[in-house]
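Here are some notes for a colleague who is opening this structure for the first time. They are meant to be read with the sequence and the coordinates side by side.

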Amino acid sequence: LQQKRGNMGDVIKMLLVSPLFQGIPEEKMMEVLRCLDTRWADFEKGQQLFRQGTSLKAAGFLVEGSLSLEREDFWGNRSILAVVRQGEIFGEVYACRQEKRLNINITALEKASVLFLNLETILENQKVPEDVRTVLLGNLVGILADKTYYMSRKAEFLSARTTREKLMSYLSAQAQETGKTEFQIPFNRQEMADFLSVERSAMCRELGKMRREGIVSFSKKQFCLKGKAKEE
């Protein structure tokens, strides 16, 4: 396994705390990475890693940068499903079911470095030692369960009727997940609008109203929930 940048020891430390590799001894990591046919790829800001309709042969572990998982309709309208950050895994569903074509675009939001992992070796018990395979399978099930939960929460946001209701549902969920009234979201304003499937200018106007009403304060990606939301 050859690394294109940085120190491989630092990357392994990052992998060991990721959901997929939790419970794997550090001394076995290089062997595991070889069994998973690991390969590196670098991408420039704005570059599409994969397009809708193509196949994804391996899951990706994001070593550096950030990615956007997007859905695009026939007319080019974009909806952001999720943002992948450093240390997170993406594409595991498609890597496990390679006969399924991608129904999303994966785009680099900034310069990115990805470690691709062939999950078929885990599912088909080709190379991975049995004790390691058992741990990886359990971790993979947990990851898929977390992604299912995440998408169910997003469905809650999108089911809200108005822009304000979508904003309040999303911001309330962020406060609940962090356990704090002040938190940082992963989106800029356009990304947030795309994520909630609302028009950006209408969303910004609604945020302005909510700030004037003392419901929320914010600066860029930092938000703080304050008063009780008023009924529209």
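This is a predicted model: local features need pLDDT of at least 70, side-chain atom pairs count only at pLDDT 80 or more; totals for chains, interfaces and linings use all residues.

Why is strand β5 largely enclosed by the rest of the structure?

1. Strand β5 covers residues 78–84, and six of its seven residues are buried, so the strand is largely enclosed by the rest of the structure. Its pairing is with strand β4, residues 67–72, in the antiparallel sense and over six bridges. Within this pairing, Leu67 stands opposite Val84 of β5.

2. The sheet to which β5 belongs is open and has four strands, in the order β2-β7-β4-β5, with antiparallel pairing. At its edges are β2, residues 48–50, and β5, each of which pairs on one side only. On average, and with direction ignored, neighbouring strands of this sheet are turned by 30 degrees against each other. As background, strands of a sheet pair through backbone hydrogen bonds, in either a parallel or an antiparallel way.

3. Strand β4 also pairs with strand β7, residues 105–108, again in the antiparallel sense, and here over four bridges. The bridge partner of Glu70 in β7 is Asn105. A residue of β7 that can be followed in more detail is Thr107, which counts as buried because its relative accessibility is 10%, where buried means under 20%. Leaving aside residues up to four places away in sequence, Thr107 touches Gly46, Gln47, Gln48 and Leu49, and also Ser66, Leu67, Ser68 and Glu70.

4. A further open sheet of four strands has the order β1-β8-β3-β6, and the pairing in it is antiparallel. Its edges are held by β1 (39–43) and β6 (89–90), each with a single partner strand, so one side of each is left without a neighbour in the sheet. Strand β3, residues 59–64, pairs with β6 in the antiparallel sense over two bridges, and Ile89 in β6 is the bridge partner of Phe61.

5. Helix α1, residues 8–16, packs on this sheet, where it touches β1, β3 and β8 (112–117), and its direction makes about 125 degrees with that of β3. Which residues of α1 are buried? They are Met8, Val11, Ile12, Leu15 and Leu16, and they cover an arc of only 140 degrees around the axis, which puts them on the same side of α1. These buried residues of α1 pack against α2 (29–35) as well as against β1, β3 and β8.

6. On the side of α7 the contact is made by Arg189, Gln190, Met192 and Ala193, and on the side of α8 by Arg200, Met203, Cys204 and Leu207. Sorted by class, this contact of α7 with α8 has five nonpolar, one polar and two charged residues.

7. Two loop residues deserve a look at their backbone. Ser197, in the loop between α7 and α8, has a phi near 55 degrees, a positive value in a residue other than glycine, and Ser197 is partly exposed, with a relative accessible area of 41%. Lys220, found in the loop between β10 (216–219) and β11 (222–225), likewise has a positive phi, near 55 degrees, and is not a glycine. With a relative accessible area of 71%, Lys220 is exposed.

8. Is Lys100 buried or partly exposed? Lys100 lies in the loop between α3 (92–96) and β7, and at 44% relative accessibility this residue counts as partly exposed. For a sense of distance across the model, the C-alpha atoms of Lys100 and Glu177 are separated by 32 Å, and these residues are 77 residues apart along the chain.

Notes
Residues are numbered from 1 along each chain as its sequence is written. Side-chain values use heavy atoms; hydrogens and water are left out. Two strands pair if DSSP finds at least two bridges between them. Contact means heavy atoms within 4.5 Å. Axes are lines fitted to C-alpha atoms, for helices over the stretch in contact, and angles run from 0 to 180 degrees between N-to-C directions. Buried means under 20% relative accessible area, exposed over 50%, partly exposed in between (1.4 Å probe, protein chains only). Ala, Val, Leu, Ile, Met, Phe, Trp, Tyr, Cys and Pro count as nonpolar, Asp, Glu, Lys and Arg as charged, and the others, Gly among them, as polar. The arc is that of the directions from the helix axis to the C-beta atoms.
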